Amino acid sequence: MDLTTVSLVGLVALALLFDYTNGFHDAANAISTVVATRVLRPRWAVAWAAFFNLVAFAVFGTLVANTVAATVKEEFVSLAVIFAALLGAITWNYLSWHLGIPTSSSHALVGGLVGAGLAAAGTDAIKASSVQKTLLFVVVSPIAGLLVGMIMMAVLRLLLARRDVERTERGFRIAQLASSAAVSLGHGGNDAQKTMGVIAALLVTTGHLEGGDKIDIPLWVVLAAHVAIAAGTMSGGWRLVRTMGMSITELRPVSGFAAETSAAAAIFASTAAGAPVSTTHTVAGAITGVGTANGAAPVNWTVFSRLIVAWIVTIPFAAGCAAGMYALTQIPLQPLAAGLVTVVLLALVAALWLALRNAPRAGDISSDLAEGPAGPAGEELVPIRPGAGSVIVHGGPGPSARRDNRSADRDNRSADRDNQAERAGKSPTAGRGSRADPRPPL
């Protein structure tokens, strides 16, 4: 086996590692709402999402993979360019995940490709149309998610205005399983294709695959990408679940369904157009749109503004990391170059290992839901409008306490009426059975 083949195998493995990090980094997109609304327990939620990530290959084509593969022109693609691009993307994925900031793995990969391509051959190496499509959807994704989520929530509030709250909640808990599956399907269909595009570019560069405007992606590449992203999703990105599901706005089954359905619709449309859309941007935008249309669950705009800043930084940061890594591979003294690259890889692996050891687990999220101020003992279900679902009011009394409070309020009102009647010189029971008080006299 020659050096080129060994390098190819190693880079395919690195691409699949990126795909794995994409899975646990973006798992929050698919499971945050269904976990936050308590429709599924965290461990069941990641299994549910991973399954639909896996089967997405049977639904979607490879248009997005071709867009990603064409980011750097074929004549400028090399093993060093792909290596640097993947490390830049993985570095950003790790850093943003460690900080609990939901960002786009897709844009990190595109940024890595752009940075490595620029470092290798300048602007001539970059296919402008592919990059422009990606940059366009940096803006379009969150806006589309926000607007569609806002409209869907407003429509649901109108349609459910006279429905029973508890019955509506039960129905939408079931409906949310379908909407969560749709988001997972869209995530697997769009995001797994980015890794397919990178592997396809590698195969074209090494002569194992014919290039062109439309690359025929081998089945083994398709299956490997979907398995890797599903495995990553099974690992869960619990830091990001906290941000997506609990920090932007409060969610209940109706609002969770609205957010997931609108995000899935936007992701499906983008995938059909061959655009490497960010599922993170789309889902976060949809959650924000739902909160905007739901006056009882206001949006935490401070959190959302921080997300926007991180989204803007993603591509430049990944591009800078990739350009720096490419420069290391081009040091004339090959032993020195190999040594420096090895040190960087070992440092990244060590950082990932330490972070994973200290990362929140599914049990931590379950504890947050069960023991926090919005847990069952302190959960106040407040109708958005009769039948439109409910939101959580932190620190509210539980159901039994609410019943006691309502009983106490009735007693207090009755005592007030009796006191007023006594001060007026009338019997407390006088007038009962009148038009003002329909109760029959004792």
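Helices here are DSSP runs of H or I with at least four residues, strands are runs of E with at least two, and both are numbered from the N terminus. This is a predicted model, in which local features need pLDDT of at least 70, side-chain atom pairs count only at pLDDT 80 or more, and totals for chains, interfaces and linings use all residues. Residues are numbered from 1 along each chain as its sequence is written, and side-chain values use heavy atoms, with hydrogens and water left out.

The chain has 15 helices and two strands. Of its 442 residues, 52% are buried, where buried means under 20% relative accessible area, exposed over 50%, and partly exposed in between (1.4 Å probe, protein chains only).

Leu147 lies in helix 6, residues 128-159. Leu147 is partly exposed, at a relative accessible area of 45%.

Now to the inside. A nonpolar core is a set of buried Ala, Val, Leu, Ile, Met, Phe, Trp, Tyr and Cys residues joined through side-chain atoms within 4.5 Å. The largest one has 96 residues, and Ile31, Ile82 and Leu86 are among those with the most contacts inside it. Helix 4, residues 79-98, gives the most to this core, with 13 residues. A second, separate core of five residues includes Phe52, Ala56, Ala181 and Leu185.

Helix 2 spans residues 42-55. Its buried residues are Pro42, Ala45, Val46, Ala49, Ala50, Phe52 and Asn53. Leaving aside residues up to four places away in sequence, Ile31 touches Ala45, Val46, Ala49, Trp238 and Val241; contact means heavy atoms within 4.5 Å.

How values were computed:
The expected span of a helix is 1.5 Å times one less than its number of residues.
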